[in-house]
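Please keep the sequence and the structure in view while reading.

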Amino acid sequence: MAILTLDNVTIRFGGLVAVDKVNLAVEEGNIQALIGPNGAGKSTLFNLITGIYTPTEGEIRFNGEVISGRQTHQIAALGIGRTFQNIRLFNELPVIENVLIGAHTRGKWDLLGSILRPAPWVKREEEQLLDWAMECLDRVDLAGKAWEIASNLSYGEQRRLEIARALALKPRILLLDEPAAGMNPFEKQVLMEIVQKIRQTGMTVFLVEHDMKFVMGISDRIAVLDYGVKIAEGKPEEVRVNPQVIEAYLGKGAKH
Ligand SMILES: Nc1ncnc2c1ncn2[C@@H]1O[C@H](COP(=O)(O)OP(=O)(O)OP(=O)(O)O)[C@@H](O)[C@H]1O
């Protein structure tokens with residue numbers, strides 16, 4: 001069953017059609033990838049799904065409900081979590097607090113409550129949130145670094161911390177924007193295993209990624225964008241040999 005569907009989704013920026021009549025369905029429980037050359041419209045598509053942009057035309061549905069046109073926080077609350085291309089951490093805060101910032105909207109616990117600590121439920125909820133944050137860190141193999149300052153983590157660990165923070169919201173689908181960017185081969189391998197582990201918890205994963213080895217190794221299905229148009233979609237082995245895809249990446253006359 002599709003959990004996320006894009007129906008004829010288009011966005012124009014002035015004269016530029018950044019995403020052009022895209023139809024796409026992400027099946028629940030799958031790891032779906034979106035690839036394409038630079039400027040193809042991949043990040044724009046994620047920004048459309050998460051409500052940063054509203055489609056000029058078309059409709060986006062999540063779990064059967066139309067989400068295009070809604071506010072980003074409403075869409076996040078429905079169960080769409082995401083990470084961004086660039087790292088967005090609170091560097092001076094401990095790792096676990098970076099995750100709690102992701103989790104806090106789930107609890108009644110707030111800043112005032114934490115200062116006054118008036119009722120036992122506040123304490124209980126605080127403990128539950130801490131437990132949950134630790135579980136999210138465990139899912140990205142960072143539980144052992146919970147109390148370290150975020151800026152002391154290696155680059156690969158910081159990127160995993162961002163995933164933990166997105167998981168803290170208990171999304172039903174996780175959107176990862178170039179999760180392996182800048183990672184060395186070892187960090188990529190670790191990340192691949194972590195994403196597979198996250199999927200095993202029942203999570204749907206939708207990722208944009210340039211690293212073909214990563215994409216081909218992890219995805220159930222791959223959709224390909226070129227100049228905003230979806231030019232191909234299928235299993236990794238189908239997409240890999242698709243002439244239109246090869247041409248989009250290597251230019252006209254390319255052979256495989
Ligand atoms: N807010 C905006 N205003 C105008 N043009 C935009 C805006 N956002 C994106 N674009 C344009 O839309 C096109 C698609 O950009 P986008 O960043 O989505 O591509 P991408 O596939 O994610 O590229 P990359 O792989 O390099 O990150 C580009 O031509 C870009 O310049």
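Across which strands does helix α6 lie? Helix α6 (residues 155–167) lies across β6 and β7 (173–177), and its direction runs at about 150° to β7. The model is a predicted one, in which local features need pLDDT of at least 70 and side-chain atom pairs count only at pLDDT 80 or more, while totals for chains, interfaces and linings use all residues. Residues are numbered from 1 along each chain as its sequence is written, and side-chain values use heavy atoms, with hydrogens and water left out.

**The sheet**

- An open sheet is formed by 6 strands in the order β6-β7-β8-β3-β9-β10, with mixed pairing.
- β6 (80–83) and β10 (229–234) each have a single partner strand, so one side of each edge strand has no neighbour in the sheet.
- From one strand to the next, the twist averages 15°.
- Helices (H or I, at least four residues) and strands (E, at least two) are DSSP runs, numbered from the N terminus; two strands pair if DSSP finds at least two bridges between them.
- Strands of a sheet pair through backbone hydrogen bonds, either parallel or antiparallel.
- Strands β3 (residues 31–35) and β8 (residues 204–208) pair in the parallel sense over 4 bridges, and the bridge partner of I31 in β8 is V205.

**A helix on the sheet**

- Helix α10 (residues 243–250) packs on the sheet, where it touches β3, β9 (221–226) and β10; contact means heavy atoms within 4.5 Å.
- The direction of α10 makes about 130° with that of β10; axes are lines fitted to C-alpha atoms, for helices over the stretch in contact, and angles run from 0 to 180 degrees between N-to-C directions.

**Helix α1**

- In helix α1 (residues 42–49), 7 of the 8 residues are buried (under 20% relative accessible area, with a 1.4 Å probe and protein chains only).
- The buried residues of α1 include K42, T44 and F46.
- Just after α1, G51 takes a positive phi of about 90°.

**The ligand**

- The ligand is surrounded by 15 residues, of which the closest are G39, K42, S43, T44 and H210; a residue is near a molecule if one of its heavy atoms lies within 4 Å of it.
- α1 gives the most to this shell, with 3 residues.
- A polar side-chain atom of T44 lies 2.5 Å from an oxygen atom of the ligand.
- A polar backbone atom of G41 is 2.9 Å from a ligand oxygen atom.

Methods: Buried means under 20% relative accessible area, exposed over 50%, partly exposed in between (1.4 Å probe, protein chains only). A polar contact is a pair of N or O atoms within 3.5 Å; within protein, one must be able to donate a hydrogen and the other to accept it, and residues adjacent in sequence count only if both atoms are side-chain atoms.
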